[in-house]
Amino acid sequence: HGAVKNEDTFKTSPFHLDLWFYFTLQNWVLDFGRPIAMIILPLEWFPLNKPSAGDYFHMAYNVITPFLLLKLIERSPKTLPRSMIYVSIIMFVMGASIHLVGDSVNHRLIFSGYQHHLSVRENPIIKNLKPETLIDSFELLYYYDEYLGHSMWYIPFFLILFIYFTGCFTPVEEESRMPVAALLLMGPSSLYYWYLVTEGQIFILYIFTFFAMMALVMHQKRKGLVLDSNGLFLFYSFIITLVLIALWVVWLWNDKTLRKKYPGVIYIPEPWAFYTLHMSNLHPAKESF
């Protein structure tokens, strides 16, 4: 579990501007930007039977993100459970790699007319496939992409963030302040978490993590401990994310087509489903087929 830090109770950590900046930047470029790069770059450069530009973005994400998470853990002023961290990192890489394959095929299907706002069996290019067992194969691909891949990717991701959060407390009130740089980063960071939760369909995982953070803050407050600048940055980013999710749901509350795809109690449409339903006519790429 690593060497014990005798100064755990007293040592505090300054705001990690470099790590949070790199973390936010690579999230936006390599995760959010990968399907956009796939769509806007010419197909002649990345044929449909080869990895797309977005796939290479995903590969880079799968390497850089675990590295940044480990560096974040290293800078914690508190000794954290190393074995749990390492197992979580391994699961994270496995889940993100599974997702890479499934997501690559699913997003490339857009160029053939696949519509993300419809289920696999309801898609025009899928429902008439022969033999019908091919549809089962596409549903299996969707399962690996949207369920298994997301679970093995996001559960360890949020677990690592929460473990890091447990070490972000200080007895010094003066250190419970965020620098201007943190305030500027909070907007892009919160917006990315909104995308992560909505596109990944992981609201339950996110809200449980947020509730656990709230409970820990109240528990530590009774001990006379407050969040340091890094803890405040993470906590407030999650609060703003919740507000953005609520606004997103209210905006699309009466969308009957999306309601059909997301019929459960928790109605949180995916941004890419919204895109293929309302905005896919903005790019003519698939017309070439």
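## A nonpolar surface patch

L17, F21, Y22, L25 and V29 together make a nonpolar surface patch of about 450 Å² (patch residues have over 30% relative accessible area and no salt bridge, and nonpolar side chains are joined within 5 Å). V29 is placed in helix 1, residues 17-40, and is partly exposed at 39% relative accessibility (buried means under 20%, exposed over 50%, and partly exposed in between, with a 1.4 Å probe and protein chains only).

The model is predicted, and for this reason local features need pLDDT of at least 70 and side-chain atom pairs count only at pLDDT 80 or more, while totals for chains, interfaces and linings use all residues. Residues are numbered from 1 along each chain as its sequence is written, and side-chain values use heavy atoms, with hydrogens and water left out.

## Aromatic pairs

The structure holds 36 aromatic pairs, a term for rings of Phe, Tyr and Trp (its six-membered ring) with centres within 6.5 Å, where planes under 30 degrees apart count as stacked, over 60 as edge-to-face and the rest as tilted. Among them is the edge-to-face pair of Y143 and Y144, with 6.1 Å centre to centre and 80 degrees between the planes; Y143 is partly exposed at 42%, and Y144 is partly exposed at 35%.

Y206 and F210 form a stacked pair, with 6.3 Å between centres and 5 degrees between the planes. These residues are four apart in helix 6, residues 203-222, and therefore about one helical turn separates Y206 from F210 (helices are DSSP runs of H or I, at least four residues, numbered from the N terminus). Both Y206 and F210 are buried.

Conventions. Helix = DSSP H or I, 4+ residues; strand = E, 2+ residues; numbered from the N terminus. Patch = residues over 30% accessible without salt bridge, like charges linked within 9 Å, V, L, I, M, F, W, Y side chains within 5 Å. Areas by Shrake-Rupley, 256 points an atom, 1.4 Å probe, with all protein chains shown as cover. Salt bridge = Lys/Arg side-chain N within 4 Å of Asp/Glu carboxyl O.
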